[in-house]
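Morning, everyone. Please look at the slide, and I will walk you through it.

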Amino acid sequence: MAADAVQELRQQCLKRGAAGIKGLGRTFRIMDDDGSKSLNFQEFEKGLENYAVSVGKDKAQQIFAMMDKDGSGTINFDEFLEKLRPPMSSARRQVIDQAFQKFDKTGDGVVTIEDLQGVYNSKHHPKYKSGEWTEEQVFRSFLENFDSPYDKDGKVTLEEFVNYYSGVSASVDSDEYFITMMKNAWKL
């Protein structure tokens with residue numbers, strides 16, 4: 001029953017596109033007033049409401065209880081988001097990690113505009129060619145694909161990258177196709 005409620009919540013997030021789960025994660029971070037990286041039920045319920053995903057109080061309680069493994073009355077939202085992501089094979093996760101490592105030139109675990117220089121060629125972007133955008137604007141626009149839609153800070157963490165690609169992964173049936181797509185997209 002609780003697994004069905006998680007599946008329903010997952011589907012509602014995925015309907016928002018590849019960034020749906022990532023956006024819920026950002027909402028939870030905003031709800032986490034004390035910075036504990038965990039939420040009590042009231043914060044959890046308010047986060048779902050603020051993100052406008054509706055599962056109802058009963059299902060929200062079922063999801064919360066299922067995620068509150070130790071019975072402490074709180075859930076770690078990184079673990080929650082991990083469970084919310086659609087199941088992904090280790091091969092898919094591995095190719096996502098490889099792409100992120102290529103993306104993260106400085107190796108500090110966060111991708112910024114500086115990391116993109118030499119990895120992403122902005123010269124072919126139509127708005128750069130037309131003179132409408134600078135190279136920095138092209139890079140910022142590219143990063144926004146992976147950054148949370150509710151808190152654009154111009155930095156992409158591995159978690160945000162994985163959350164983005166978990167949404168993409170959910171729409172691709174074959175591991176082989178997903179891996180080929182990633183390798184082609186990131187020239188791995």
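Contact here means heavy atoms within 4.5 Å. Take L48: setting aside neighbours within four places in sequence, L48 is in contact with L9, L24, F28, V53, V55 and A60.

A word on the source. This is a predicted model, where local features need pLDDT of at least 70, side-chain atom pairs count only at pLDDT 80 or more, and totals for chains, interfaces and linings use all residues. Residues are numbered from 1 along each chain as its sequence is written, and side-chain values use heavy atoms, with hydrogens and water left out.

Now the cores. A nonpolar core is a set of buried Ala, Val, Leu, Ile, Met, Phe, Trp, Tyr and Cys residues joined through side-chain atoms within 4.5 Å. Buried means under 20% relative accessible area, exposed means over 50%, and partly exposed is in between (1.4 Å probe, protein chains only). The largest nonpolar core has 25 residues. L9, F44, L48, I63, F80 and L84 have the most contacts inside it. Which elements give two or more residues to this core? They are α1 (2–14), α2 (20–31), α3 (41–50), α4 (56–67) and α5 (77–84). Helices (H or I, at least four residues) and strands (E, at least two) are DSSP runs, numbered from the N terminus. α1 gives the most to this core, with five residues. A second, separate core has 23 residues, including I96, F100, V162 and Y164.

On to charges. A salt bridge is a side-chain nitrogen of Lys or Arg within 4 Å of a carboxyl oxygen of Asp or Glu. How many salt bridges does a search of the whole structure find? Seven. One of them joins K59 and E8, with the closest N and O atoms 2.5 Å apart. K59 is in helix α4 and E8 in helix α1, 51 residues apart. K59 is partly exposed, at 30%, and E8 is partly exposed too, at 26%.

Next, R92 and D175 form a salt bridge, also with closest N and O atoms 2.5 Å apart. R92 lies in helix α6 and D175 in helix α11 (residues 175–186), so the pair ties together parts 83 residues apart in sequence. R92 is buried, at 5%, while D175 is partly exposed, at 30%.

Last, D104. Where does D104 lie? In the loop between α6 (90–103) and β3 (110–111). D104 is buried yet has no salt bridge. The nearest side chain of opposite charge, K105, is 9.7 Å away. Lys and Arg count as positive, Asp and Glu as negative; His and the chain ends are not counted.
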